[in-house]
Amino acid sequence: MAFAAGVTALAAAPALAQQQAVVTAAPQPATAGGPVTISWSGFVTCRGVGILFTLDGGPLTAAPSASSGSVNATVPAGTSPGSHKIEARSTNTKCGTGGTELRVVVAPPVTTAPPPPVTVPPTVPPVTVPPVTTRPPVVTTTTAPTTTTTTETPSSSATPSSTDALSSPTGEGVLLLDKENIQPGEDLTAMGTGCPKGATVRLQSLGQEVGSTVADDNGEFRSTLKFESIEPGRHKVRADCGITLVGNVDVTLSSSSGGTTGTLVVLLFFLLIGAAMVRRQFAGLRR
């Protein structure tokens, strides 16, 4: 009997040594899955031990041993609504134990309003206007064009002769075409004088650029013209180099014998150039 009483006294001794602490929890109520702050006071500070916090016997969080303090935790998301028990227990029960009640609510589900319907305006089909096709007239006859012309800019003095135009790079000049008529797609050679020295010469017809070159030291130039698209009929060829030189060419759908005339035009051009050179030499001798 004395031995049993001694065992009972030893078993009861730790319980008498436990320190009862004060534990609180906020907010009240807390939300399942939301934060909760646990505060305590009245614990005995013990070395090498910590404070364990449980919710309904399940682990919640832990903190270092201290006589008072607070720690943040998260309520488990699956916690049911109602009252639950938070217990704080030192890993050495002699340092203190305590507990409090935590009321838990479940947050209402978040509902997202559906987006407003998108109204697409009706598509109006575009109005398609059929193209109007005009057939070019058929040219059956040809007329010999005048291939030698002067600039379109009027001169303040009397109109000079052909040799005067060739000897003046900044005055009036001439534009010669090696053919008086061509077939669609056939090349044409343009030769001219009267441009400023080293000027860029741009040749155009029907609003499109058909050739370009650079005038030499004597203001003379030569260029092959290429027409991307051309209709039958008489067309102007303009050479712009600071002054404007104009020539005409006929475009036919049938073959024509203009080769001889074209050769004569080329010979005339070189004769004019030769005359200009003789005139310059003669003027130098007179000086």
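**Close-up 1. I86 stands opposite T100 in strand 8.** This is a predicted model, in which local features need pLDDT of at least 70, side-chain atom pairs count only at pLDDT 80 or more, and totals for chains, interfaces and linings use all residues. Residues are numbered from 1 along each chain as its sequence is written, and side-chain values use heavy atoms, with hydrogens and water left out. Strand 7 (residues 82–90) pairs with strand 8 in the antiparallel sense through 8 bridges; two strands pair if DSSP finds at least two bridges between them. Strands here are DSSP runs (E, at least two residues), numbered from the N terminus. A hairpin is formed by strand 7 and strand 8, with 6 residues between them. Look in the turn for G96, whose phi is positive at about 140 degrees.

**Close-up 2. Five strands in the order 2-8-7-4-5 make an open sheet with mixed pairing.** Strand 2 (30–31) and strand 5 (58–64) are the edge strands, each pairing on one side only. Strand 2 runs parallel to strand 8 (residues 97–105), joined by 2 bridges. Here T31 has V105 of strand 8 as its bridge partner.

**Close-up 3. C195 and C241 form a disulfide (a pair of cysteine sulfur atoms within 2.5 Å).** Their sulfur atoms are 2.1 Å apart, and the structure holds 1 disulfide. The link is left-handed, with -85 degrees about the S-S bond. C195 lies in the loop between strand 11 (188–192) and strand 12 (200–205), and C241 in the loop between strand 15 (233–240) and strand 16 (244–251), so the pair ties together parts that are 46 residues apart in sequence. Both cysteines, C195 and C241, are buried, meaning under 20% relative accessible area (1.4 Å probe, protein chains only).

Conventions. Helix = DSSP H or I, 4+ residues; strand = E, 2+ residues; numbered from the N terminus. Buried < 20%, exposed > 50% of the residue type's maximum accessible area, 1.4 Å probe, protein only.
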